[in-house]
Amino acid sequence: MKLTFLGTGGVQAAPLFGCECPACLHAQRDPRCRRTPCSALIETERETILLDAGQPLLEQRFRPGELSRILLTHYHMDHVQGLFPLRWGVGVRIPVWGPPDEKGCDDLLKHPGLLDFRPPLIPYVAHAFGDLQVTPLPLQHSKLTHGYLFDWHGARLAWLCDTIGLPPDTEDFLRGMRLDHLVVDCNDPPRAEVRNHNDVSRALAIVRALAPRQSWLTHLSHEMDHWLMTNPLPEQVQAARDGQQISLSA
């Protein structure tokens, strides 16, 4: 199984329009440091799964029939905006799973077009997509949100974005489980109070609690990138970059 970070930014990712902070100026000069909406592509021998759909121009990025299915963490615009033009395509419908949010986003559920919205997966229950086991994990956010545990023949990756800390049931479910990779929301540098997303202190607390082999920070803001310029991360914790890939071996 291979996971590609299509985007690793939050809504205020670098470069932020009009901002001249060091992180934004650096991202303007070096395209490798730019961050686009947080999402990923998961590929196995038989599956190509889009994880969140905030990337623009999905209808141009993927060929008809290329995506096996789409998994959504939640229905905030920066995680679904790419679906709006994609839905008006023609051809085989694309299965879509997300949390049980009747409001969805704008008229997406009312006029799905090419998108085949399926009944939500049951939290903490593994669902098989071929040889890949996918388990929804409730998170703490301003809108009903699911993370996902991906199990590829015993190799495990947990995707926990967007969230502030973890609900006790989700932490209990993951604690003590052998995780090869943990991808965790880390929108902000250290803050006394947060809203909707982890700061780095809360993200690292999740890392310590779950003790994965390797951790990746995602959904980073330009302020977080600025902080990273002068503050090292613990060993085995990295800030993910757009286009970076993770491989899980059976």
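Mentor: We will go through the annotated domain, the sheet, the salt bridges and the aromatic pairs. Keep in mind that this is a predicted model.

Trainee: Which residues does UniProt list for the domain?

Mentor: The record, an unreviewed entry, lists residues 36-219 under "domain: Metallo-beta-lactamase". In the model, that span is 16% helix and 28% strand. Its end C-alpha atoms lie 9 Å apart.

Trainee: Now the sheet. In what order do the strands sit?

Mentor: First the general idea. Strands of a sheet pair through backbone hydrogen bonds, either parallel or antiparallel. Here 7 strands form an open sheet, in the order 6-5-4-3-2-1-14, and the pairing is mixed. Strand 6 and strand 14 (245-247) stand at the edges. Each has a single partner strand, so one side of each has no neighbour in the sheet. From one strand to the next, the twist averages 25°.

Trainee: How many bridges join strand 3 to strand 4?

Mentor: There are 3 bridges, and the two strands run parallel. To find the pairing on screen, look for L50, which stands opposite I70 in strand 4.

Trainee: On to charges. How many salt bridges does a search of the whole structure find?

Mentor: The search finds 16. Take K2 and E43 as one of them: their side chains meet at 3.7 Å, N to O. The pair links distant parts of the chain, with K2 in strand 1 (residues 2-7) and E43 in strand 2 (residues 39-43), 41 residues apart.

Trainee: Are E47 and R69 buried or exposed?

Mentor: Both are buried. Their side chains meet in a salt bridge of 2.8 Å, N to O. This pair too links distant parts of the chain. E47 is in the loop between strand 2 and strand 3 (48-51), while R69 is in strand 4 (residues 69-71), 22 residues apart.

Trainee: Which residue forms a salt bridge with D180?

Mentor: That is R178, with the closest N and O atoms 3.0 Å apart. D180 is buried, with a relative accessible area of 11%. Salt bridges can also share partners: R93, D116 and R118 are joined into one network that way.

Trainee: Why is the pair of Y148 and F150 tilted?

Mentor: Look at the angle between the planes. Under 30 degrees is stacked, over 60 is edge-to-face, and the rest are tilted. These planes stand at 40°, so the pair is tilted, with the ring centres 6.2 Å apart. Y148 and F150 are buried.

Trainee: Which residues do ring pairs link into a cluster?

Mentor: Pick out F5, W159 and W216.

Notes
Residues are numbered from 1 along each chain as its sequence is written. This is a predicted model: local features need pLDDT of at least 70, side-chain atom pairs count only at pLDDT 80 or more; totals for chains, interfaces and linings use all residues. Side-chain values use heavy atoms; hydrogens and water are left out. UniProt positions are given in the numbering used here, feature names are shortened, and annotations may be inferred rather than shown by experiment. Helices (H or I, at least four residues) and strands (E, at least two) are DSSP runs, numbered from the N terminus. A salt bridge is a side-chain nitrogen of Lys or Arg within 4 Å of a carboxyl oxygen of Asp or Glu. Buried means under 20% relative accessible area, exposed over 50%, partly exposed in between (1.4 Å probe, protein chains only). Rings of Phe, Tyr and Trp (its six-membered ring) pair if their centres lie within 6.5 Å; planes under 30 degrees apart count as stacked, over 60 as edge-to-face and the rest as tilted. Two strands pair if DSSP finds at least two bridges between them. Axes are lines fitted to C-alpha atoms, for helices over the stretch in contact, and angles run from 0 to 180 degrees between N-to-C directions.
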